[in-house]
Amino acid sequence: MHWLRAPEASDAADIHRLISRCPPLDLNSVYTYLLLSEHFRQTCIVAGAEDRLLGFVSAYLRPQRPDVLFVWQVAVHAEARGRRLAHHMLTRLLRREALARVAYIETTVGPGNRASRSVFERLARDLSAPLNESPLFDAGLFGGQSHDDEPLLRIGPFRSPGRPASASAR
Ligand SMILES: CC(C)(COP(=O)(O)OP(=O)(O)OC[C@H]1O[C@@H](n2cnc3c(N)ncnc32)[C@H](O)[C@@H]1OP(=O)(O)O)[C@@H](O)C(=O)NCCC(=O)NCCS
């Protein structure tokens, strides 16, 4: 049985290790994961079994657009894949009271990342929301690094599962 919760600073080194084992994700510094765990914990989530960290989602509310949750990295340990853990983490995030006003999810997914696309396509179906794709970060923007294009996937509008039934729809 998995546990899911907001990350804490003491998770940052384990998150860094998990991401290092989840290509094609870019590995950020431990300090980045410390900041995410400390300042963005309301919009991030970790999952595990017993004392092992098996999943991580980093996300933030877009500045000036508090109805848009931008999902940055989604990682599930190879041993835990294929059991919809990514989906559970994303839906659990959306149920948080702090995210009740979210009506759109945005993310970027490389053109060849079938597993990741499948996660977001299923999420859009579950939320009964449209999914649209548009260009965002072209490969050339990554300087000398060899990097795929990062097109934007946008899901929404939807009614957040965390929104009280009494709240009027936008
Ligand atoms: C993308 C990722 C987060 C999906 O997590 P997950 O919890 O395994 O997601 P799901 O169980 O819904 O499976 C999603 C897809 O993964 C693939 N998959 C299923 N079992 C798998 C396994 N044992 N090993 C690898 N991939 C598997 C399938 O294509 C599946 O799609 P389908 O159900 O439509 O056939 C995970 O594969 C991962 O961490 N990948 C590396 C990092 C990455 O690419 N992150 C996404 C960037 S935003």
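This is a predicted model: local features need pLDDT of at least 70, side-chain atom pairs count only at pLDDT 80 or more; totals for chains, interfaces and linings use all residues.

Tutor: A polar contact is a pair of N or O atoms within 3.5 Å. The ligand is surrounded by 19 residues, and the closest include Val 74, Gly 82 and Ser 118.

I turn now to the aromatic pairs. Rings of Phe, Tyr and Trp pair if their centres lie within 6.5 Å, and the count by this rule is two. Tyr 33 and Phe 56 form an edge-to-face pair, because their ring centres are 5.9 Å apart and their planes stand at 80°. Tyr 33 belongs to helix α2 (residues 30–39) and Phe 56 to strand β3 (residues 52–62), so this pair ties together parts that are 23 residues apart in sequence.

Tyr 60 is partly exposed at 27% relative accessible area, whereas Phe 70 counts as buried at 11%.

Helix α2 also holds Ser 37, which is buried, with a relative accessible area of 1%. The side chain of Ser 37 reaches the backbone oxygen of Tyr 33 at 2.8 Å. Setting aside neighbours within four places in sequence, Ser 37 is in contact with Pro 7, Glu 8, Ala 9 and Ile 15.

The wider setting is nonpolar packing. In soluble globular proteins, nonpolar side chains tend to be buried together. The largest nonpolar core here has 29 residues, and those that touch the most other members include Leu 69, Ile 105 and Phe 158. Elements giving two or more residues to this core are β2 (45–49), β3, β4, α3 (85–94), α4 (114–126) and β7 (150–155). Helix α3 supplies the largest share, six residues. Not counting residues up to four places away in sequence, Leu 69 touches several residues, among them Tyr 60, Leu 93, Tyr 104 and Ile 105. A second, separate core of 12 residues includes Leu 18, Leu 36, Phe 56 and Ala 75; Phe 56 is also the partner of Tyr 33 in the edge-to-face pair.

Phe 158 lies in the segment after β7 and is buried at 8% relative accessibility. Its C-alpha is 8.1 Å from that of Val 102, although Phe 158 and Val 102 are 56 residues apart in sequence. Beyond four places in sequence, the residues touched by Phe 158 include Leu 94, Val 102, Tyr 104 and Leu 127. Tyr 104 also has a charged neighbour, since Arg 154 lies over the face of its ring, 4.2 Å from the ring centre.

How values were computed
Residues are numbered from 1 along each chain as its sequence is written. Side-chain values use heavy atoms; hydrogens and water are left out. Rings of Phe, Tyr and Trp (its six-membered ring) pair if their centres lie within 6.5 Å; planes under 30 degrees apart count as stacked, over 60 as edge-to-face and the rest as tilted. Helices (H or I, at least four residues) and strands (E, at least two) are DSSP runs, numbered from the N terminus. Buried means under 20% relative accessible area, exposed over 50%, partly exposed in between (1.4 Å probe, protein chains only). A charge sits over a ring if NZ of Lys or CZ of Arg is within 6 Å of the ring centre and within 35 degrees of the ring normal. A polar contact is a pair of N or O atoms within 3.5 Å; within protein, one must be able to donate a hydrogen and the other to accept it, and residues adjacent in sequence count only if both atoms are side-chain atoms. Contact means heavy atoms within 4.5 Å. A nonpolar core is a set of buried Ala, Val, Leu, Ile, Met, Phe, Trp, Tyr and Cys residues joined through side-chain atoms within 4.5 Å. A residue is near a molecule or strand if one of its heavy atoms lies within 4 Å of it.
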